[in-house]
Amino acid sequence: MATSEENSSLFPIFILTIMALFLVPYTITKLCRAASKKTKSIHCQCSPCLRSGKYHKSIFKRISNFSTCSNLTLVLLWAIMGFLVYYIKHISHEVQPFEPFSILGLEAGASDSEIKKAYRRLSIQYHPDKNPDPEAHTYFVEFISKAYQALTDPISRENFEKYGHPDGRQGFQMGIALPQFLLNIDGASGGLLLLGIVGVCILLPLVVAVIYLSRSSKYTGNYVMHQTLSTYYYFMKPSLAPSKVMDVFIKAAEYMEIPVRRTDADPLQKLFVAVRSELNLDLKNIKQEQNKFWKQHPALVKTELLILAHLTRESGALSSTLQNDFRHVLELAPRLLEELMKMAVIPRNAQGHGWLRPAIGVVELSQSVIQAVPLSARKAAGGFSEGIAPFLQLPHFSEAVVKKIGRKKVHTLQDLRDMTPQERADLLSQSAGFSSSELLDVEKVLEMIPSVKVEISCETEGEEGIQEGDIVTMHAWINLKRDNGLTGALPHAPYYPFHKEENLWLLLADVTANDVWMSQRVSFMDEAAAVTATSKAIQEAKEGSGASEKEISIAVREAVEKVRNGWRLVVGKFQAPPEGNYNLTCYCLCDSWIGCDSKMSLKIKVLKRSRASAMKGIAEEAGANVEDGAEEEEDVEEEYDDDYESEYSEDEDDKGITKNGKNKIAANGSTSRHDGSSSEGSDTEE
């Protein structure tokens, strides 16, 4: 009985120890991450952004940010640990060893008469005939009677004085730290124990595994459905115009699951009237076009109307039920647009090239969604070569304001940015009637708009030129600058209700062929990750070129300093195409700002793979065998002589000249590409 009680009292200590082994290190790691993590809430300080409530750190907002599943679980586990500590300290009693003298209230070595007197005194107090309390009866039987018997029996008393126990020397005992009800496996307790073991050890892991497998089979690592990726891959076409990207975007499986209620019919009809101009309907057959639009899947109709309501800034008129769906659609938009971009640039042909035209359309749609600007505003009209969309992302700007400043020959966003603050203030105050506070908002947003610069180079490692079939390494340094000096910041997006980090897409493309040779997404938010990636890339490149450790260290130090000054390194590899001159274009597209994109021309000359290069590779493979190296080298030279004479010699008189030419090539391997071109001339003459 004592052993059972002792094991039961150790159960809370056992649970507390197991929890502390995992909970304490995890909590320390989480706190260290939170302390070292740099804030990403550097956002625009204009009045529209502040009034949007996105960045307002209210108590409710802080609670909602804190109340994630991991944080709530962590708090709950610490509460359980606190309760266990309190229970162990105040409720759980520690089982004391059997001490008969202490139980009878005597000191060690008491006489028999003192023992009998103490027993009679305690019997009057705890005997069942004197005290009907069940606890008194238990105490009398379990402790007082046993203590009296142990001290009055000579053998038991001798054992106790000699070995510390009435029964003599005790063996070593081991117990299990489980509660008492689990140790009694008879009756209902046995069934409860069996159910607990089955539930915790079998059913719970099985349920967790089923949930995980069902979720992982449905979603990708970016929390996008596999069905969405299949749909995007199927509907993505090389000739997909930017205006048609919306039709593919709304076909995501996540949007198809949005419920369409009967009560949504009238609000959607009113919304259709408000955004009808953005649907590109044929006015000559307007009724047929409208019927065709409404015959689509109800989820597609609802999703497209909600997105157009955001682009035209008509979301304030939505009903309460549509507002929830509206926020859900916008919350998923950046994630889905990123996957749609990947489907556009994924290798489609034998050369591993993606498609440029739909990729540009996806980025333009992303810009319009973040800035809440209609796609129709991007069309060139009225002297605005880039459309009025870049101006509409500025605070307090409308179509009427853009037309007024257009009369002052300000037709692009760059024209407005090139002006001095005083010139902008005079222009906007006189032409559009902006107040001083509105002018200040415009200046704050213009300071947040990034300027992007790209430095790019393509080369083949270990060779001077690029030959067809070579693996070409591209190094692109991207620099982002703002007038306010920030590098990583959240974009100005007062109409988009969620936090959105700005990203850049680097595309190396052939505009004529509509091919994307290389693509990479670049972020300027995490400087530490950029430093790590850049250091690794520079170190690998230098080690491949055979640089010394000192040179590698200097190159890595310079690259890290460049990253801290607002640069990011993008390294990509692609296979050189067939021989020819290629006029490529390097696009650097921002997914959050309109009018901040940068592009530059890049010319690549791909040479025909020369015969000397091919034979050089054969000779290197043959030279790997040390024993037969000399013999294999002679065989290669003889074969080269035979091929050269049989292929390019016209008669016996020309053989000597041909031999001299061969010797010249062997002496100067750098002329191998020139010989490749001369061989074509010989074939033509023959």
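Student: What makes Y234 count as exposed in this model?

Tutor: The model is a predicted one, in which local features need pLDDT of at least 70, side-chain atom pairs count only at pLDDT 80 or more, and totals for chains, interfaces and linings use all residues. Residues are numbered from 1 along each chain as its sequence is written, and side-chain values use heavy atoms, with hydrogens and water left out. Buried means under 20% relative accessible area, exposed over 50%, and partly exposed in between, with a 1.4 Å probe and protein chains only; Y234 has 58% relative accessibility, so Y234 counts as exposed.

Student: How many aromatic pairs does the structure hold, and why is the pair of Y234 and F235 called edge-to-face?

Tutor: The structure holds eleven aromatic pairs. Rings of Phe, Tyr and Trp (its six-membered ring) pair if their centres lie within 6.5 Å, and planes under 30 degrees apart count as stacked, over 60 as edge-to-face and the rest as tilted. Y234 and F235 lie 5.1 Å centre to centre with 90 degrees between the planes, and therefore form an edge-to-face pair.

Student: What makes F293 buried?

Tutor: F293 has a relative accessible area of 6%, which falls under the cut-off for buried.

Student: Why does K562 count as sitting over the ring of W477?

Tutor: A charge sits over a ring if NZ of Lys or CZ of Arg is within 6 Å of the ring centre and within 35 degrees of the ring normal. The charged end of K562 is 4.4 Å from the centre of the W477 ring, and so meets the distance limit.
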